[in-house]
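Here is a friendly briefing to read alongside the model. Please keep the viewer open, as the points are grouped by topic.

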Amino acid sequence: MKLGSYGMDKPVFMAPLAGVTDKAFRQIVRQLGGKYMYTEMISDKALIFHNPKTIKMLDLKEEEEPRIVQLFGSEPRIMGEAAKIAQNCGATVIDINMGCPTPKIVKNGEGAALLKNIQSAVEIASNVVKAVDVPVSVKMRLGWDRGNIVAVELGRRLEEAGVVMLTLHARTREQYYAGEADWEWIAKLKEKVKIPVIGNGDICSPQDAAKMISNTGCDGVMIGRGVMGNPWIIERTAIFLKDHFSKQEPGNQERLEVLRRHFALLLKYKGERIGVNEMRKHAVWYTKGIRHSARFRDQIMKSETSRDMVQVMERIFSEQE
Ligand SMILES: Cc1cc2nc3c(=O)[nH]c(=O)nc-3n(C[C@H](O)[C@H](O)[C@H](O)COP(=O)(O)O)c2cc1C
């Protein structure tokens, strides 16, 4: 398949995850062999008003292509302006969020709210396509609720508007993250559009990804929650899809090493206070399921300094020997 000028064979995308897929994490996934990563979702309005925190989210320096920046918003003109800013900051693909279910987003007509207003969704896409020279993709859900599934119709309209790739998270807004993703809709969308379709929802292993591709015919897959604490999954899945080979899971030594590297990058980009604060959740995810992890959870959450955090991480892994 192609995404603009990028040729890809059964690509495995790391999903946009707000609060997770920041520069530090993208770098870690890249070091471990991942190729296709999204930024966290970025507000169009905050970008055009040059909100310093938001501008920082667009730091794409030294990142390899494709640099996929996801934007969310509700107004076609502002989305177009924001897309230009993102392109100027180095984005080589712009993705539009039509799936975020959280009340604070949908109450502004953004994210999954666009599924209730196809005309507006298409106008936004069309404006963004016109505003930038780079390819534009869309990530969406099935529809607002079971009674209002719009993915196929919306997908076709977005294709007409010049969108070059669609990712479908096969749940409704009403479902949030509960229940099973309904992969059948990925197959239905794939049948009705010519542009590549990326399937998303409930891929927790390389085997799940292979199953989604064979069940739906989708061109590639996207992994969200499965990457939290497990940045290895992107490359392991890509290898499995290509060669049907199951690369070994990382051992404890490697886990600790990657965890430390990840933490060092967080400190570098966000400083001590925010770095330590954000590392807490990552450290809990990285150590989930390992021996005594529940006991250490409390210590991780109480770590106040980078020294405390490193000590706790070392203690956890030394107990695994
Ligand atoms: C913590 C968290 C943050 C998310 N942030 C975003 C986001 O910024 N943009 C987006 O399109 N989807 C976001 N999502 C949805 C995921 O990208 C993905 O579609 C969803 O988790 C389903 O895939 P999965 O079953 O592989 O997790 C988020 C999900 C989670 C759990």
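A nitrogen atom of the ligand sits 2.8 Å from a polar backbone atom of Ala18, within the cut-off for a polar contact (a pair of N or O atoms within 3.5 Å; within protein, one must be able to donate a hydrogen and the other to accept it, and residues adjacent in sequence count only if both atoms are side-chain atoms). This is a predicted model, in which local features need pLDDT of at least 70 and side-chain atom pairs count only at pLDDT 80 or more, while totals for chains, interfaces and linings use all residues. Residues are numbered from 1 along each chain as its sequence is written, and side-chain values use heavy atoms, with hydrogens and water left out.

**Around the ligand**

- The ligand is surrounded by 16 residues, and the closest are Ala18, Gln70, Asn200, Asp202 and Arg225; a residue is near the ligand if one of its heavy atoms lies within 4 Å of it.
- In an unreviewed entry, UniProt lists Gln70, Lys139, His169, Gly224 and Arg225 under "binding site"; its positions are given in the numbering used here, feature names are shortened, and annotations may be inferred rather than shown by experiment.
- From this set, Gln70, Lys139, His169, Gly224 and Arg225 are in the lining of the largest pocket. On a 1 Å grid over the protein atoms alone, a pocket is an open set of points where a 1.4 Å probe fits, with protein on both sides within 12 Å along at least five of seven lines, and lining residues have an atom within 4 Å of a point.

- His169 lies in strand S8 (residues 165-169); strands (E, at least two residues) and helices (H or I, at least four) are DSSP runs, numbered from the N terminus.
- His169 counts as buried because its relative accessible area is 6%, where buried means under 20%, exposed over 50% and partly exposed in between (1.4 Å probe, protein chains only).
- Beyond its neighbours within four places in sequence, His169 is in contact (heavy atoms within 4.5 Å) with Met140, Arg141, Leu142, Tyr176, Tyr177, Asn200 and Gly201.
- Thr167 also lies in S8 and is buried, with a relative accessible area of 0%.
- Contacts of Thr167, leaving aside neighbours within four places in sequence, include Lys139, Met140 and Asn200.

**Arg225 and Asp202**

- Arg225 is found in the loop between strand S10 (220-223) and helix H10 (233-243), and its relative accessible area of 42% makes Arg225 partly exposed.
- Not counting residues up to four places away in sequence, Arg225 touches Arg171, Tyr177 and Asp202.
- The side chains of Arg225 and Asp202 make a polar contact at 3.3 Å.
- Asp202 belongs to the loop between strand S9 (197-200) and helix H9 (206-216) and is partly exposed at 25% relative accessibility.

**Backbone geometry**

- Most residues other than glycine have a negative phi, and most peptide bonds are trans.
- Asp202 has a positive phi of about 70° although it is not a glycine.
- Glu62, also not a glycine, has a positive phi of about 65°; Glu62 is in the loop between H3 and S5 and counts as exposed at 82% relative accessibility.
- The peptide bond from Glu65 to Pro66 is cis, with omega near -5°, and Pro66 is placed in the loop between helix H3 (52-57) and strand S5 (67-72).

**The annotated active site**

- The UniProt annotation "active site", from an unreviewed entry, covers Cys100.
- Cys100 is in the loop between S6 and helix H5 (103-106) and is buried at 10% relative accessibility.
- Leaving out residues up to four places away in sequence, Cys100 touches Met41, Ile105, Val106, Gly111 and Ala112.

**Helix packing**

- Buried residues of helix H6 (residues 118-131) include Ile118, Val122, Ile124 and Val128.
- The buried residues of H6 pack against helix H4 (76-88), strand S6 (93-98), strand S7 (136-141) and helix H7 (151-160).

Key
Expected span 1.5 Å × (residues − 1).
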